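Hi there,

Here is the structure I promised to send over. Have a look at it first, and my notes follow just below.

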Amino acid sequence: MSNQDFTPQPTADGSKTFFSKEFNELFHSHFGAKQESYFKYVVPTLLIEKASLPVLRLLDVCYGLGYNTATAIEKIWEINPDCCIEIIGLEINPRVPQAAIEHQLFENWNTNLIDSLTKLAFEHQVQKQSLKAKLLIGDARDKINQVYQSGFKADAIFLDPFSPPHCPHLWTIEFLQLVSQCLQSDGLLATYSCAASVRTALVNTGLSISSTSPVGRKAPGTIAGFNTSSKTSTQTNSSNSPVHKFPDLSQPEKEHLRTRAAVPYRDPELTDTPETIIQRREIEQQTSNLEATSRWRKRWSNVY
């Protein structure tokens, strides 16, 4: 993929993103690429509260332009410049982060951070006293197993593939099972998606889920973790790491998980094509005893 395939698109907060011809989607919403990274990923995973810790580990699934990682580093170091951040990013197309650097999309960011992002984009590794980062290039289904086998446990996971209909292979129960196994017991996983299929898959991995505030669109995102309950508060555990207790899903959201929309994507061997995965789900939906999603939507038309 040549550099001319990447034309910067302005967003509302002044930051820029790219449009993917392959997936027919923008990498970020028009609301703002940088704001989206902050409010959809950094804030829900409590990285601001955890920034006082000496070490933080992040797993960025679908690194893309690098905004999620860059925003997390920037915000953590604003609070604690001495925090050592360890990052693993998964990305199938190395030209995306490289093009972000070549188009100077980080030109207004901290110079030292730009240097690290540049090294990560082109050399796929950064080894500094305060930042240890790797960018694993290839199919995330292969690379996530490599991360799991390494024993890496993340305090925060950013789950940011293209949408499930366009990229179903990165939203399957089997893939998310491996992703969840790379999460610390008190860590949090955030994603922009509130799709019932995604939420069902996350619950099937043993995670509890809740909604995050909408950013740039009506629909909320999803936060998931092992240590959550139905009361909204922040406390600390024995390791002095903040643990958030999230509110329950709303009644419409709970009922959405009992419709055919909640039938998850499946990829038993983590090798199937997107078309095969979609077809498998459609067959399962057709034979499902779950409520038709259209009935749920009609019932809650005043909400959705």
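Ser 208 stands opposite Gly 225 in β12. Before going on, please keep in mind that this is a predicted model, where local features need pLDDT of at least 70, side-chain atom pairs count only at pLDDT 80 or more, and totals for chains, interfaces and linings use all residues. Residues are numbered from 1 along each chain as its sequence is written, and side-chain values use heavy atoms, with hydrogens and water left out.

Helices (H or I, at least four residues) and strands (E, at least two) are DSSP runs, numbered from the N terminus. Two strands pair if DSSP finds at least two bridges between them.

β11 and β12 are antiparallel partners, joined over 5 bridges. Strand β10 (residues 183-191) also pairs with β12 (residues 221-225) in the antiparallel sense, over 4 bridges. Along that pairing, Ala 190 stands opposite Ile 223, and Thr 191 is opposite Thr 222.

How many residues of β12 are buried? The count is 5 of the 5, so β12 is largely enclosed by the rest of the structure; buried means under 20% relative accessible area (1.4 Å probe, protein chains only). Gly 221, Ile 223 and Gly 225 are buried on one side, and Thr 222 and Ala 224 on the other. In a regular strand the side chains alternate between the two faces of the sheet.

**The whole sheet**

These strands belong to an open sheet of 8 strands with mixed pairing, in the order β7-β8-β6-β5-β9-β10-β12-β11. The edge strands, each pairing on one side only, are β7 (125-127) and β11 (208-212). From one strand to the next, the twist averages 15°.

Helix α3 (residues 67-79) packs on the sheet, touching β5, β6, β8 and β9; contact means heavy atoms within 4.5 Å. Helix α7 lies across β5, β9 and β10, running at about 135° to β10. Axes are lines fitted to C-alpha atoms, for helices over the stretch in contact, and angles run from 0 to 180 degrees between N-to-C directions.

**Two helices that meet**

The axes of α7 (residues 173-180) and α8 (residues 196-204) come within 9 Å and cross at roughly 50°. On the α7 side, Ile 173, Leu 176 and Gln 177 meet Val 198, Ala 201, Leu 202 and Asn 204 of α8.

Happy browsing, and do write back with any questions!

Technical notes. Buried < 20%, exposed > 50% of the residue type's maximum accessible area, 1.4 Å probe, protein only.
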